[in-house]
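Me: I have just opened this one and would like to go through it slowly. Could you take my questions as they come?

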Amino acid sequence: MESGSTTRRVIIAGGGTAGWMTAAGLSHQLRGLGLEILLVESEQIGTVGVGEATLPHMRFFNQSLGLDERELMAFTRATFKLGIEFCDWGRIGDAYIHPFGDYGEDHEGIAFHHIWQHMQATGQAGRIDSYSLPCMMSEAGKFAFPSSRPDDLLATYSYAYQLDAGRYAQFLRRFSERNGVRRIEGRIVDVAQDPETGFIRELKLESGETVAGDLFIDCTGFRALLIGETMGARFMDWSDVLPCDRAIAVACQSTAPSVAYTRATARKAGWQWRIPLQHRIGNGHVYASAFVSDEEAGDILLGNLESAPNGEPKLLRFKAGQRDRQWIGNCVAVGLSSGFLEPLESTSIYLIQAAITALIEVFPAGTVDARDIAEFNRVMDLEYERVRDFLILHYHATERDDSAFWDYVRTMKIPDSLAYKMELFRERGIVVTYKDGLFLHPSWVAVYLGQRVVPERCDPRVVELGDEVWGKYAALKDEIQTRMTGLQSHQEVIDAYCPSGEEA
Amino acid sequence: MSPLPASQFDLFVVGDGVAAWMAALLMKRLQPGRAIGIAACDAAGPGRDDPVLVARPGFRALMARLGISEIDLLEQCDATFLLGTEHHLGGGGAFFQGCGAYGAPANGAAFHHYFLRLRTAGAPYPYDTFSLGAAMASQGKFIHPADNPRALESSFDYGHVIETARFRDLLSQTALSAGVVRTGAPVSEAIFTEGRIGSLQLEDGGHLEAGFYLDCSGPARTLWPDNPIQVLGPALLSQTARVDRAEQGSGNLSRALSTAGPSGWTSELALQSARVCQTFELADSEEANAHHLAAPWAGNCLALGRAAHRLSPVHTPFLALLERELDLLSALLPAEPGACEVEAREYNRRINETYARVHDFQTLFEIAIATRAGKSASAPSAPLARKLEQFRSRGRMVMYDEEVFSESEWTAALIGLGHLPERTSPLASAAPIAAVRANYEKLLHKIGQSTARMPDQLAYIAHMQKMMRESGGVDAV
Ligand SMILES: Cc1cc2nc3c(=O)[nH]c(=O)nc-3n(C[C@H](O)[C@H](O)[C@H](O)COP(=O)(O)OP(=O)(O)OC[C@H]3O[C@@H](n4cnc5c(N)ncnc54)[C@H](O)[C@@H]3O)c2cc1C
């Protein structure tokens with residue numbers, strides 16, 4: 001597009017999760033603009049083919065498109081997700097759940113984790129998880145939909161999905177095509193730019209066909225064909241603080257009823273995921289190749305499966321980091337082309353969603369405006385940086401010294417922004433949260449306490465609380481147990497609500 | 001806890017104004033077992049800057065923690081309910097700035113995008129006609145907001161106008177009866193050991209000791225006069241001494257009026273019994289910089305209120321800032337006064353951002369006034385510049401951490417002061433304009449009907465008082 005003309009034709013390059021989410025979002029939310037949307041993808045190249053765990057935000061994305069949850073879950077063979085269980089992170093043998101919900105409740109401005117810490121010291125607390133309904137449901141293999149009544153115990157959490165992301169993309173493709181998005185099969189071999197403005201004019205396909213447009217969304221995955229190769233956005237490498245750079249992934253049959261949580265188990269030079277879908281368990285080993293060989297990493301993965309693998313394990317290479325600009329000229333990066341943060345907290349699809357939301361809000365319906373580009377890049381930088389800090393916390397907050405990898409991450413220099421947050425929590429139990437942060441107060445508390453970052457000082461009012469307050473918390477713990485007994489198992493809810501019809 | 005000698009306290013407050021007494025009372029409520037003392041210092045006589053104070057909606061939660069009810073404020077401090085400020089810009093321009101909602105968002109786009117579409121299509125409605133709070137304020141009406149979030153009557157919020165001297169008296173009586181100890185002699189200075197306050201020297205020659213100190217002594221900063229300051233930028237306006245108290249007739253109690261003059265403006269705030277007018281003029285002197293302490297919390301001493309900041313008087317932000325200062329202090333209460341560096345660092349980080357964001361909001365108005373007076377306006381800070389740029393560009397409202405003024409106030413002020421967006425959100429373009437117009441005209445009709453049914457504020461207050469008396473009396477303080 002020449003700066004000065006109007007956006008009519010949007011070209012999405014790439015048809016992975018990012019490409020089809022973008023197509024669905026733009027074609028639905030911007031239906032009033034009369035855009036023509038084309039998506040180019042190459043079956044020959046294929047998609048990255050992983051990405052099964054999500055965050056609750058995805059539900060709001062789906063709702064904004066008006067998608068039917070039951071239909072979507074059945075099609076993607078999805079299960080519910082109430083949180084992530086982290087095993088062996090602080091020390092070998094440790095386990096905690098990071099739930100999508102609250103622990104306990106604050107008392108007159110005193111944060112619950114201070115109260116819990118005091119109860120713990122006096123031997124009357126029990127695990128902090130026993131004050132969280134989503135933690136207890138996860139452990140017991142149960143599930144219930146959250147309530148919309150604010151005073152209900154069932155209103156203290158949210159949920160996400162564990163799904164087949166390839167089928168999610170197919171689902172969104174059908175949706176988008178119904179909205180008029182046109183799909184073009186073909187491999188992009190060249191990109192033509194305006195010699196004066198540097199704006200992308202058209203994509204050249206292997207077949208000789210050209211695809212011209214006004215705005216180009218780069219969803220070509222790790223290749224970053226447009227934003228990187230063509231527009232020259234630099235990759236900012238964060239491997240010094242997030243050294244994992246490979247993954248081996250393989251699915252296996254499920255041998256037990258499905259549960260509503262993902263598991264992340266720390267290994268000698270990385271960690272292994274276990275994501276239960278309706279018809280299979282997704283597994284993968286994310287590791288740092290500087291500390292373990294591919295062969296050994298593969299053995300670790302296969303040695304820790306609960307049943308025989310469904311096929312050949314797939315090796316993926318990546319680097320942690322972010323493009324220095326995610327929007328340049330008339331090219332916007334969405335998905336893996338914009339950067340990558342490992343899937344420890346299931347944030348990639350969230351970051352796709354955040355980019356789509358930001359793009360829609362500043363969409364160049366007229367001409368591309370430098371102010372919109374600056375705002376989009378500012379918002380996305382903030383998102384990446386805050387997720388990055390939260391991920392680093394998982395590695396750095398450890399007592400493990402059983403391998404060179406853990407020695408490295410335990411002692412590495414971390415970003416000042418995270419060092420500040422950790423110091424505040426360690427010394428005084430204060431959680432630094434921001435208006436625009438993805439992970440809120442309970443998430444930080446879960447990881448800090450779950451990984452043995454225990455405050456040295458508490459809110460001084462805690463010691464003055466009376467018996468009626470302690471009684472209130474004991475009653476809360478009992479109420480959670482009582483509510484739990486009446487709930488259905490996660491598998492029962494799935495069978496009744498959204499069975500995929502696939503054999504498990 | 002073993003009782004401390006009469007000259008020893010856990011926490012000691014220096015000052016005699018609203019900040020001092022409110023801080024002392026709050027600390028006593030939060031930690032009733034602690035020994036909390038207070039003493040005036042000469043510099044902080046009760047002649048405070050503002051004859052009246054303006055409270056924002058969040059103030060109600062603070063009052064509840066202090067154990068002071070709304071009825072107490074109405075009956076003992078001549079207080080009124082405040083829905084917002086009506087700004088008269090000269091040349092016929094006017095707008096209302098309130099904390100409640102304007103219109104309602106649709107399809108993920110904020111209302112002002114639809115407003116701009118309506119305006120472009122020739123619809124004759126000013127922005128604030130879509131605010132129930134504005135309609136109530138213009139007619140002097142008041143009721144409490146409804147609890148049901150779907151009711152139109154839940155779409156506004158309110159603060160208070162309070163008479164300063166009486167409020168200070170109410171706070172001090174309440175604090176003393178809650179167990180705060182007032183010592184006799186004024187404090188003359190703090191005596192430091194290794195960068196921390198060791199004790200206080202009294203004017204009668206005596207000494208006092210505490211674990212932690214709150215400096216509420218106003219601009220004199222008695223405890224730490226040479227604590228370095230950080231300049232935010234010029235404060236163009238200074239407050240003149242002129243305060244007119246007019247008897248309240250049957251006037252409008254629900255709004256503040258702010259009227260632009262050739263080189264400043266006049267503000268009019270309503271108490272139940274009087275209207276208080278203040279005049280602000282463009283200041284010429286360099287002295288008038290807006291500033292705050294670079295580290296309001298240093299060692300075992302925290303400065304609050306005017307001891308911590310000197311911002312422009314625009315929007316009377318003193319109480320809103322005090323509310324934020326005390327909220328932060330409550331969340332970061334020093335566990336061991338001897339070791340609270342991280343608490344201090346976090347307090348300073350957040351409060352300094354708060355001061356800066358309030359200064360931004362004030363700058364917005366000062367630029368408008370200076371421009372009209374033909375004076376050069378101060379440059380906006382980088383965050384304000386970005387906010388202005390994004391709003392003017394496409395109506396996108398950038399809100400930062402630690403804002404005091406709400407998004408709806410920022411939007412009303414930007415639109416009211418003429419910073420109209422060049423483009424609107426594409427999300428607002430989905431619905432046809434006729435449908436948008438029909439939808440919002442329905443809202444206007446409902447606002448009209450709802451306001452017509454409401455009582456005048458004075459009548460509402462009288463009704464509240466009667467109900468309280470009939471139901472067994474006013475909450476005891
Ligand atoms: C090991 C691993 C585990 C992950 N786990 C999770 C998880 O649990 N949760 C989560 O949210 N995310 C996860 N992710 C991230 C997630 O997989 C991606 O964010 C998501 O799949 C989006 O990828 P994408 O669409 O950007 O790229 P891709 O899936 O790689 O899609 C790229 C598209 O571009 C097309 N393309 C590329 N080059 C050309 C060309 N020259 N011509 C034409 N077309 C081209 C391809 O054909 C394809 O359609 C994980 C990632 C990895 C590596």
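Me: Let's start with charge in chain A: how many positive and negative side chains are there, and how far apart are the centres of the two sets?
Reply: Chain A carries 50 positive and 70 negative side chains, and the centres of the two sets are 2 Å apart. Here Lys and Arg count as positive and Asp and Glu as negative, while His and the chain ends are not counted; the place of a charge is NZ of Lys, CZ of Arg, CG of Asp or CD of Glu.

Me: And what about the charges of chain B?
Reply: Chain B has 41 positive and 51 negative charges, whose mean positions lie 9 Å apart.

Me: Before we go on, what kind of model is this, and how is it numbered?
Reply: This is a predicted model, in which local features need pLDDT of at least 70 and side-chain atom pairs count only at pLDDT 80 or more, whereas totals for chains, interfaces and linings use all residues. Residues are numbered from 1 along each chain as its sequence is written, chains are lettered from A and ligands numbered from 1 in the order in which they are written, and side-chain values use heavy atoms, with hydrogens and water left out.

Me: Okay, back to charges: how many salt bridges are there over all chains?
Reply: A search of the whole structure gives 59 salt bridges over all chains, a salt bridge being a side-chain nitrogen of Lys or Arg within 4 Å of a carboxyl oxygen of Asp or Glu.

Me: Which residue does A:E105 pair with?
Reply: A:E105 forms a salt bridge with A:K472, at 4.0 Å from N to O. A:E105 sits in the loop between β5 (95-99) and α4 (112-121) of chain A and A:K472 in helix α14 (residues 467-485) of chain A, so the pair ties together parts that are 367 residues apart in sequence. Helices (H or I, at least four residues) and strands (E, at least two) are DSSP runs, numbered from the N terminus.

Me: What about A:D389 and A:R388, buried or exposed?
Reply: A:D389 is buried, with a relative accessible area of 1%, and A:R388 is buried with 11%. Their side chains meet in a salt bridge of 3.2 Å, N to O.

Me: And A:R325, which residue is its partner?
Reply: A:R325 forms a salt bridge with A:D324, with the closest N and O atoms 3.7 Å apart. A:R325 counts as partly exposed at 36%, and A:D324 is partly exposed at 22%.

Me: Which residues are linked in a network of salt bridges?
Reply: The network links A:D369, A:R371 and A:D372 with B:R394, B:E422 and B:R423.

Me: New topic: how many helices and strands does chain A have?
Reply: Chain A has 15 helices and 21 strands, while chain B has 12 helices and 20 strands.

Me: How much of each chain is buried?
Reply: Buried residues make up 62% of the 504 residues in chain A and 56% of the 477 residues of chain B.

Me: Jumping to chain B, where is B:T183 and what does it touch?
Reply: B:T183 is in the loop between β8 (181-182) and β9 (187-193) of chain B, and it is buried at 16% relative accessible area. Not counting residues up to four places away in sequence, B:T183 touches B:F9, B:F12, B:I38, B:A39 and B:L208, where contact means heavy atoms within 4.5 Å.

Me: Last one: what are the spans of the two chains?
Reply: The C-alpha trace of chain A spans about 75 × 50 × 50 Å along its principal axes, and the C-alpha atoms of chain B fill a box of roughly 75 × 55 × 40 Å, also taken along the principal axes.

Note on methods:
Buried means under 20% relative accessible area, exposed over 50%, partly exposed in between (1.4 Å probe, protein chains only).
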